[in-house]
Amino acid sequence: MPKHYRPPGKKKEGNAAKYITRTKAVHYLQVSLSTFRKLCILKGIFPREPKKKVEGNHKTYYHMKDILFLAHEPLLEKFRDIRAHKKKVKKALARKNRDLADRLLNREPTYKLDRLILERYPTFVDALRDLDDCLTMVHLFAALPAVEGERIQVERIHNCRRLSHEWQAYVSRTHSLRKIFISVKGIYYQAEVEGQKITWLTPHALQQVLTDDVDYNVMLTFSEFYAALLGFVNFKLYHSINVKYPPILDPRLEALAAELYALCRYISAGSGRLSGYPQAIASIEDGQREVEKTDTRTEESELRLAQLQHQLPANEPGALMHLMENTDDMDDEDHEKKECRNLFRNFKIFLSREVPRESLLFVIPAFGGVVSWEGDGSPFKESDEDITHQIVDRPTQGHVFLSREYVQPQWVYDCINARIILPAEKYLVGRVPPPHLSPFVDNEAEGYIPEYAETIKRLQTAAKKQVLPMPGIENQDLDDPQTLLVEGIIDRTEANEAAEKKRKLTMLEKQYHDELNMELQGITYSTSLSNKNLQSSVENVKEDTVTTLEESEDLSKVSMSRKKRKLYEAMKIGQERKKEKIKVLKERKKNAEASKTG
């Protein structure tokens, strides 16, 4: 009989008791596979990889404790009720009993995710730390086309759009935005909220196409949970700055929530709290009074239409920030926040129709600027003489104002990442702008600093009124190989080679000075020869110490465990790859400069 023989019917042990396959879990819970996936997503339960897969490598395993938690989940009963309700509706329609089907559809069972969110995120900091994927998913759904008959419901897209605008409004009004990077995938943003750095990705303002190679049921489940999570986060953040949530909007203006009139209704609703757009508010209020005097019946019909279409979304993300109170009078803000708040403080920027308006409406006010655009409801028109910069992205202009500068949209993002106002000469219309550098990359750690990054660094130093070092003086401390090794500029092998060269040069210089002194003192050649033999013995001792250090490094590598030795070798391979990458970048730069000069 084997040592670990277990008779049939006895209790399982080890991995067989700790883990369960997905098929067995579905049968244990008595639910469908789609319902099981939805439960796992909402509860935050993921497959596990046991060390020993009892039933084969081709199966998916879960912790048995997680499945037991799902068995006692109240949502499980709700999903069973929903499934039974759908069967009743289907049966009533099959019998052509339309009245019963309508009554059943009006009493459809619903559920809430409030308890699940509190269970997964006990504290508010936990929710902020897990907000990266949430914001990315919500902004993705907000950019999808809201068309009836598609795979995704229109109400869900409108809800995601509203939540994304509320989040952007809070970040913009509290000046919490820190980094921006434009990539092929979309626009990366990073904000610092309640001491937590949150990074998310928003797609470009292009027409999105729903492809067939995506599992929309999984995405809809994630979006359902993330929308509930972001709603709670927005509620907490808005109340932290004494702002009511959700924002109270005028229903008549909400019925006119088109692309041109979205910001107009927000300014009208928050007119008591605005300070930067008094003229625009007065003109809008006068226009509204004239409309009220001319036709009261139209107003009543619009109000009724607004009540029917109360769910219409806002298409302007930069508009909702005007509903918030001015939070610029905080005394306990840090230096970085004050720097971000005052970057575009004295600038009045106008956006042309071809630039990415949604992104710039969110970004420019987050750094203290005043912005407007072409269209109805804008705070000021293009003919305003106080405009300092106009963002354009077309080669020619119909009418040019000499009192303002015409720059490309990249100028705004580069100024934000550099925290200074960069010269506009390189970003003028018709010129090829400088490279858009990523603020998420540490150039010093990578070992290669682009040329434009060095230019920005000099401009930052000049803006802070610091004295720049003369060329060549800053490299005096770098001649020491130990300093280079500590700073990570070179590795141990290069440091040993540099130390050896420096030692030989020092010895030759010392020998030359010693021979000059001996000639002056009249010492004979035999005496100097004996002294040389003594010095050579000392040098041999030094060389032996260097070789012993190298041998000790090799011995330490031999004495390492296999796991640590493999890790050490992987680190060496990574360093070599980084050196090769830096070498390729330098060669490309050299070839580019040669092609320019040629």
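Predicted model: local features only at pLDDT ≥ 70, side-chain atom pairs only at ≥ 80, totals over all residues.

Modeller: Start with the pairing of β3 and β4. Strand β4 covers residues 187-193, and β3 pairs with β4 in the antiparallel sense over 5 bridges.

Now the whole sheet. The sheet is open and has 3 strands, in the order β3-β4-β5, with antiparallel pairing. β3 (177-182) and β5 (196-202) are the edge strands, and each pairs on one side only. On average, neighbouring strands of this sheet are turned by 15° against each other, direction ignored.

Next, leucine 177. β3 spans 177-182, so follow its residue 177 by the contact criterion, heavy atoms within 4.5 Å. Neighbours within four places in sequence are left aside. Leucine 177 then contacts Val171, Tyr189, Gln190, Ala191, Trp200, Cys340, Phe362, Val363, Ala366 and Phe367.

Leu177 leads on to the core. The largest nonpolar core has 91 residues. Leu177 is among those with the most contacts inside it, along with Phe36, Trp167, Leu351 and Trp411. Helix α11 gives the largest share of this core, 10 residues.

Last, α11 itself. Helix α11 runs over residues 216-240, 25 residues in total. From its first C-alpha to its last, α11 reaches 35 Å, close to the 36 Å expected at 1.5 Å a residue. Asparagine 242 follows α11, and its phi is positive, near 60°.

Terms used: Residues numbered from 1 in each chain as written. Heavy atoms only, no water. Pairing = 2+ DSSP bridges. Helix = DSSP H or I, 4+ residues; strand = E, 2+ residues; numbered from the N terminus. Axes fitted to C-alpha atoms, helices over the stretch in contact; angles between N-to-C directions. Expected span 1.5 Å × (residues − 1). Core = buried A, V, L, I, M, F, W, Y, C linked by side-chain atoms within 4.5 Å. Buried < 20%, exposed > 50% of the residue type's maximum accessible area, 1.4 Å probe, protein only.
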